[in-house]
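User: I would like to learn how to read a structure feature by feature. Could you take me through this one?

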Amino acid sequence: MNSQTRSADPGDTLLGGSPVFAQVWRDYKVILVLLVLMLVATTVLAPVFFNPQNLINVARQASITGVVAVGMTFVILTAGIDLSVGAILALVGVVLSMLIKADVSVFLALPAALLVGMTCGVVNGVGSTFFGIQPFIMTLATMAICSGVGLLLSNGTPIQIAKEAADSALLGFLGNGNIAGVPGPVIVFAIVAVAATFVLRYVPFGRFVYGIGGGVEAARLSGVPTARILIMVYAISGVCAAIAGIITTSRLFVGHPTAGSFIMLDSIAAVVIGGTSLMGGRGSVIGTVAGVFLLAMVANLLNLLGVSPFNQQIAKGAIIILAVLFTAHGLRHRIVQQWNAL
């Protein structure tokens with residue numbers, strides 16, 4: 001008999017002993033349990049949640065946060081943070097609205113909007129690598145700058161765009177269009193998530209991202225071009241925020257200089273709930289996607305139950321704390337250690 005037998009995980013039995021599904025259970029059991037509990041709660045408390053139109057609305061709302069959260073996943077995997085995503089989203093919306101209002105072709109306005117987001121991300125990456133500014137401080141400064149530029153360009157007022165322009169083939173699809181009943185924003189979110197998953201799993205760049213999260217100095221000594229990778233990571237986050245800004249503007253027919261005020265908190269929450277470590281080096285886009293939909297389900301359920309927005313924020317904060325506690329490694333040892341130190 002093999003003396004090195006592994007203690008059985010309940011998930012191995014529940015999932016039929018399949019190595020693939022057992023691995024999924026071990027990696028995502030916390031978020032899976034939370035999702036199941038949410039489904040049970042919605043079934044009991046608000047069966048109307050499962051109305052097809054409501055499910056489509058939930059998916060549509062989740063897609064904007066989801067796109068930003070995918071970019072945030074790259075950043076947090078490197079043990080960084082990006083506080084500027086909401087301000088970038090708003091700035092991109094203002095720039096896109098101004099270009100469309102000036103009769104610039106959509107096929108020129110969209111790349112220009114994406115370039116704005118990417119440039120902001122590159123600035124974050126350069127500041128935190130070449131100049132050694134902590135990501136928290138660098139992205140906080142970029143957030144302030146982008147907010148100020150957006151307010152300056154718009155004179156502090158929303159920039160309305162003609163509904164006819166927003167209903168053009170491309171912007172109409174990105175905002176309120178659909179394919180076979182699936183909303184355009186959800187399709188964009190799916191494409192971004194699948195592409196990010198592929199990059200992190202099968203492209204050397206993805207391995208470098210995880211390596212930097214495990215230890216930037218060790219990664220550098222191993223030959224990883226850490227500065228270049230970090231700049232690219234923040235550029236990806238900026239582009240994802242820009243995509244979310246384009247979707248938001250296309251949906252609302254307006255570029256608002258204060259749009260996306262809560263997107264930064266929601267995206268970080270989704271990433272953390274999805275199991276990505278704030279210390280870097282551990283996590284996945286799959287977990288982030290699950291975290292996005294969990295938050296969207298919670299928000300929708302609370303709305304259906306008539307819970308005030310203020311209490312919804314309290315519930316969201318409590319869920320984040322619980323998710324971090326459940327996914328923390330060595331939590332019991334840490335609690336005992338700190339208790340003994342009192």
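User: What share of the contacts in the protein chain with a separation of 6 or more comes from residues 24 or more positions apart?

Analyst: This is a predicted model. Residues 24 or more positions apart account for 75% of the contacts with a separation of 6 or more in the protein chain.

User: How many helices and strands are there in the protein chain?

Analyst: The protein chain has 16 helices and four strands. Of its 342 residues, 46% are buried.

User: How do I read a pair of packed helices, and at what angle do α5 and α12 pack?

Analyst: Take the angle, the axis distance, the handedness and the contact residues in turn. Helix α5 spans residues 106-129, and helix α12 spans residues 226-252. The two pack at an angle of about 145°, with their axes 7 Å apart. Their crossing is right-handed. On the α5 side the contact includes L110, A113, L114, G117, M118, G121, V122 and G125. On the α12 side, A227, L230, I231, Y234, A235, G238, V239 and A242 are among the residues that take part.

User: Which residues make the nonpolar surface patch?

Analyst: F130, F131, I133, F136, I137 and L140 make a nonpolar surface patch of about 630 Å². One of them, F131, sits in the loop between α5 and α6, the latter being residues 135-154. F131 has a relative accessible area of 64% and is therefore exposed, the cut-off being over 50%.

User: How many salt bridges does a search of the whole structure find?

Analyst: The search finds one salt bridge. E217 and R220 form it, and their closest N and O atoms are 2.4 Å apart.

User: Are E217 and R220 buried, exposed or partly exposed?

Analyst: E217 is partly exposed, at a relative accessible area of 42%. R220 is also partly exposed, at 43%.

User: How should I read a positive phi, and what is the value for N155?

Analyst: Most residues other than glycine have a negative phi. N155 is not a glycine, yet its phi is positive, about 60°. N155 lies in the loop between α6 and β1, where β1 is residues 159-160.

User: What is the phi of F253?

Analyst: F253 is not a glycine either, and its phi is positive at about 60°. F253 is in the loop between α12 and β4, residues 254-255.

User: Are N155 and F253 buried or exposed?

Analyst: N155 is exposed, with a relative accessible area of 67%. F253 counts as buried at 17% relative accessibility, because buried means under 20%.

User: Which residues is P257 in contact with, leaving aside its neighbours within four places in sequence?

Analyst: P257 is in contact with A90, V94, G150, L151, S154, G156, T157 and P158. P257 is also 170 residues from A87 in sequence, with 8.1 Å between the C-alpha atoms.

User: Which residues does I187 touch, not counting those up to four places away in sequence?

Analyst: I187 touches F173, I179 and V182. I187 is found in helix α9, residues 184-202. I187 and F173 are 14 residues apart in sequence and 9.8 Å apart in space, C-alpha to C-alpha.

How values were computed:
Residues numbered from 1 in each chain as written. Predicted model: local features only at pLDDT ≥ 70, side-chain atom pairs only at ≥ 80, totals over all residues. Heavy atoms only, no water. Patch = residues over 30% accessible without salt bridge, like charges linked within 9 Å, V, L, I, M, F, W, Y side chains within 5 Å. Areas by Shrake-Rupley, 256 points an atom, 1.4 Å probe, with all protein chains shown as cover. Salt bridge = Lys/Arg side-chain N within 4 Å of Asp/Glu carboxyl O. Buried < 20%, exposed > 50% of the residue type's maximum accessible area, 1.4 Å probe, protein only. Axes fitted to C-alpha atoms, helices over the stretch in contact; angles between N-to-C directions. Left-handed = near helix turned anticlockwise from the far one by under 90°. Contact = heavy atoms within 4.5 Å.
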